[in-house]
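Welcome! Here are some exercises to work through with the model on your screen. Try each task yourself before you read the solution.

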Amino acid sequence: MWWALFWGAVAGGAVLLGAVLGVYVKGSPRLIGGVMAFGSGVLISALAFSLTAEAFDKGGYLAVTIGLALGAMAFFLGSVILERHGAHDRKRSGGQRGVGQKGASNNKGMMLALGALLDGIPESAAIGISLLGGGSVGVPVVAAVFLSNIPEGWSSSAGMRKNGRSVRYILLLWLAVTVASAISALLGFVLLAQAPDVVVGAVEAFAAGAVITMLADTMMPEAFERGGATSGLLTALGFILSFFLSQF
């Protein structure tokens, strides 16, 4: 249980590390986009060869199909709701529309935080689930979440700074997201500790469906927009390295 909390905090803490970089390091949009593309490739590989494959072993075709579909739909609906209230550009390094600007609604910051939670909770829950059955933590999943969270925090924090948000506001926001990620990993472990394999498999597939939808909806468009022509190669490199990591 405590290992689930620890590894959830480690993976989720990467977004706080990225936020520090976004506040204090003036990385070029191309660099941020490149790191984001690499992290996307790592995460895609971990989803395919670790999380979804394990979900299939435990739950079979039906559990994986239903889990993936429900996870994707849940993220989609949550994202649509949040985007309508100001969280559409939560990963943008160039600035979030309306955040910190005159006339912006008072709930913009809250919507950004909820958007970050929507992105991070499925990833962290997957880490806790990987510890079920007394096994060791799923290293590819932890590494993938960690590497993908750094550019996420970096990009969005750089954007918030450009829109006038204070350093204190930004760091407290991402600290809260880190704590929520750790708790999500803990809950993923505790709530499913006695569940049948088919239920665990379905929940793993649910997390995978949510994360892959998040990648296509928010992370990869930013990576390719900012990273330029090399983004595809960097995504492939991240995928390959994560695949090799999953074989150990």
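**Exercise 1. Find where Gly8 sits, and say whether Gly8 is buried or exposed.**

Step 1. Gly8 is found in helix α1. Helices here are DSSP runs of H or I with at least four residues, strands are runs of E with at least two, and both are numbered from the N terminus.

Step 2. A short note on the model: this is a predicted model, in which local features need pLDDT of at least 70 and side-chain atom pairs count only at pLDDT 80 or more, while totals for chains, interfaces and linings use all residues. Residues are numbered from 1 along each chain as its sequence is written, and side-chain values use heavy atoms, with hydrogens and water left out.

Step 3. Gly8 has 0% relative accessibility, so Gly8 counts as buried. Buried means under 20% relative accessible area, exposed means over 50%, and partly exposed lies in between (1.4 Å probe, protein chains only).

Step 4. Now look for partners. Beyond its neighbours within four places in sequence, Gly8 is in contact (heavy atoms within 4.5 Å) with Ile127, Ser181, Ala182 and Ala185. Gly8 and Ile127 are 119 residues apart in sequence, yet their C-alpha atoms are 6.4 Å apart in space.

**Exercise 2. Compare the span of helix α1 with its expected span, and find where α1 bends.**

Step 1. Helix α1 covers residues 2–24, which is 23 residues.

Step 2. At Gly12, α1 bends by about 25°. The bend is the angle between axes fitted to the seven residues ending at a residue and the seven starting there.

Step 3. Gly12 is also one of the buried residues of α1, which include Ala4, Ala11 and Gly18.

**Exercise 3. Count the aromatic pairs and classify the pair of Phe49 and Phe239.**

Step 1. Rings of Phe, Tyr and Trp (its six-membered ring) pair if their centres lie within 6.5 Å; planes under 30 degrees apart count as stacked, over 60 as edge-to-face and the rest as tilted.

Step 2. By this rule there are four aromatic pairs.

Step 3. The ring centres of Phe49 and Phe239 are 5.7 Å apart and the planes stand at 65°, so this pair is edge-to-face.

Step 4. Phe49 belongs to helix α2 and Phe239 to helix α7 (residues 231–246), so the pair ties together parts that are 190 residues apart in sequence.

Step 5. Phe49 is partly exposed at 37%, and Phe239 is partly exposed at 30%.

Step 6. To finish, ring pairs link Phe49, Phe239, Phe243 and Phe244 into a cluster.

Key: Expected span 1.5 Å × (residues − 1).
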